[in-house]
Each structure stands twice: as structure tokens, then as C-alpha cells.
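Subject: Structure for your records, with notes

Dear colleague,

Please find the structure below, followed by my notes on what was found in it.

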Amino acid sequence: GKNRFTFRAKSVVLASGGFAADLMKVTSRQPRWAVYVERTGAAKTSTGDGLTMGLQVGAKEVSDSWLMGTQFAPAYPEMTAAMLGPRGFAGATLVNEKGLRFVKEDLPNITSEMSQQLDVWLLTDSKDPEKAKTLRNYLGFDTVVHGSTPEELGRRMGARADNVKQTIEKLNADAAAGKDTAFGRDPINFTSLTQAPYFAVKVRPVISGTIGGFAVTPDFQVLDNALKPIQGLWAAGELANRAFYNRVYEPGTSLLIAYASGRAAGTSAAKAALSK
């Protein structure tokens with residue numbers, strides 16, 4: 001309510017998570033990801049409160065924060081099963097707003113590449129009538145479009161029709177030959193597109209967290225702008241994980257960092273608090 005409480009401690013560990021659900025923080029650090037904040041997979045409470053508090057006492061934030069993304073999704077969850085083939089995400093064919101493939105789709109993480117496109121569409125066809133029926137229920141310029149030919153599909157996507165035609169023809173030829181001549185995708189992950197009508201599902205990266213936080217010592221004590229430890233202040237988890245990632249995040253690894261950094265920060269903070 002209206003009451004305000006102040007707690008004083010010899011040691012404080014900031015462990016409030018990242019800023020993946022805060023539009024302004026994402027926009028100021030990685031503006032290309034801002035359009036995905038509305039449908040973030042991170043907790044709604046991931047608003048960077050610990051980051052704000054640390055900055056207020058002179059903590060040094062890393063200069064190259066990034067966003068964790070491990071998957072992509074359509075506008076409505078009900079569409080997911082209908083848009084994927086037997087190999088799941090690895091078997092998907094993704095194209096950008098130009099109607100061209102831009103990534104090796106079976107890489108463990110492709111959301112960074114996706115974030116660099118204006119739009120991303122997943123191409124599929126009507127081999128499975130039930131899946132096609134589901135996609136028809138969501139037709140719309142920003143969800144799913146379809147076409148009786150690749151050219152018609154391209155026009156409805158807003159892409160160059162000849163690009164989409166060439167992309168599908170090359171995909172089918174490579175699938176038949178068992179070799180991805182464009183990106184080297186494993187042939188087992190190919191799904192040819194041969195049954196009209198064709199569908200294009202607009203998909204977007206799903207943000208699951210942030211890579212960034214503060215510069216810290218090996219025991220996770222927070223550093224100031226002169227790279228000197230701030231007395232009594234530690235950080236863990238997403239508030240101190242930049243040293244462990246480049247721009248790629250593998251699912252589950254944040255748990256290991258949370259456990260390890262939390263234990264190290266807690267041990268060091270407790271030792272400092274108990275010392276005379």
C-alpha cells in the first residue's frame with residue numbers, strides 16, 4: 001500500500017532476473033528485438049528492476065547486452081502443430097520478406113538470424129489435409145497466407161513472386177538430390193513442398209530472457225565504472241551472465257549459470273557480512 005520499508009544489510013545480492021519484458025530497456029539496448037517484447041516468453045516480472053537499482057549506485061553495465069531466444073512461434077499457439085513437419089523446427093523452411101531462405105534451419109539456435117529480417121515466413125504445403133484445414137482458420141496478412149501456386153503465395157506474402165517460386169523449386173530439387181546446396185542443412189531435415197495450395201505462416205522469435213547485466217568479479221561482486229568492486233553488492237543469474245554467452249543461448253544453460261552464480265555470490269556475500 002502506501003507504506004514504504006527500508007531494509008539495511010551488510011551484503012546485498014541482486015538476483016531479480018533480466019529485462020526481457022521491459023520494452024524501453026530492450027529498445028535502448030537491442031532495438032531490433034523490440035517488436036518481439038509483446039509476445040515474450042519471459043516472465044512478466046522480467047522488467048530489469050535489479051538493473052535499475054544497480055545503476056543507481058554506480059554499477060557498470062556491460063555494453064553489449066543481447067536477448068535469449070531459442071524458438072519461434074506463430075501468432076496463435078493453435079497453429080504451431082499445423083505448421084511443422086515430421087522433423088519439427090529442424091524440418092521447417094524459413095524465408096524472409098524477400099521470399100529467400102536466409103539461414104540453415106536445423107541449427108540449434110536461429111533466432112538471432114531471424115531478428116535481423118524484416119519478416120520471417122515458414123513455408124508449408126497441403127500434404128496433410130487436417131493441418132491445412134487448421135491453417136485456413138487463421139488466414140490473414142499477418143498470420144497465414146496461401147496460394148494455389150508459389151507465385152500467388154509470394155504475392156500474398158508481399159514478397160517477390162519469382163523469388164518464392166525459385167526458393168520452392170530449389171528446395172524440392174535439393175530434397176530430391178539429398179543435398180542442401182544453399183546452406184548445408186542435413187538431408188534428413190528436408191521437407192519438400194509439392195502439394196498445392198501452399199501456405200506461408202508468419203513467425204517471430206520468442207524472447208526467453210536476456211544476456212547482459214553487470215560486470216562482476218569471479219565471485220560475482222559487482223564492479224563500478226572504474227572496474228572496482230562495489231562494497232556490499234553482488235549479482236547473479238541474468239544480472240551477471242554476459243561473460244558466459246556470445247549471441248547464442250542453448251536451452252537449459254541459464255539454470256546452470258543461475259545455480260553456480262547464485263552459490264558463488266551468496267557464499268561471498270555471506271562471508272563479507274559475517275566478517276568484522
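L255 is found in helix α8, where helices (H or I, at least four residues) and strands (E, at least two) are DSSP runs, numbered from the N terminus. At 48% relative accessibility, L255 counts as partly exposed, because buried means under 20% relative accessible area, exposed over 50%, and partly exposed in between (1.4 Å probe, protein chains only). Together with L256 and Y259, L255 forms a nonpolar patch on the surface, with about 370 Å² of accessible area for the three together. Patches are made of residues with over 30% relative accessible area and no salt bridge, like charges being joined within 9 Å and nonpolar side chains (Val, Leu, Ile, Met, Phe, Trp, Tyr) within 5 Å; a salt bridge is a side-chain nitrogen of Lys or Arg within 4 Å of a carboxyl oxygen of Asp or Glu. Accessible areas come from the Shrake-Rupley method with a 1.4 Å probe, and for residues only the protein chains shown count as cover.

This is a predicted model, in which local features need pLDDT of at least 70 and side-chain atom pairs count only at pLDDT 80 or more, whereas totals for chains, interfaces and linings use all residues. Residues are numbered from 1 along each chain as its sequence is written, and side-chain values use heavy atoms, with hydrogens and water left out.

An α-helix has 3.6 residues a turn, so residues three or four places apart point the same way.

In the loop between β9 and α8 sits L239, which counts as buried at 2% relative accessibility. Not counting residues up to four places away in sequence, L239 touches L14, A15, S16, G17, G50, L51, G212, G213 and F214, where contact means heavy atoms within 4.5 Å. The C-alpha atoms of L239 and T210 are separated by 8.6 Å, although these residues are 29 apart along the chain.

The buried residues of α7 are A161, N163, V164, T167, I168, L171, N172 and D174, and their cover includes β3 (93-96), β4 (120-124), α6 (150-157) and β6 (198-202). N163 has a relative accessible area of 12% and, leaving aside its neighbours within four places in sequence, is in contact with K98, G99 and L100. Just after α7, G178 takes a positive phi of about 75°.

As for the whole protein, there are eight helices and nine strands, and buried residues make up 46% of the 276 residues.

Kind regards
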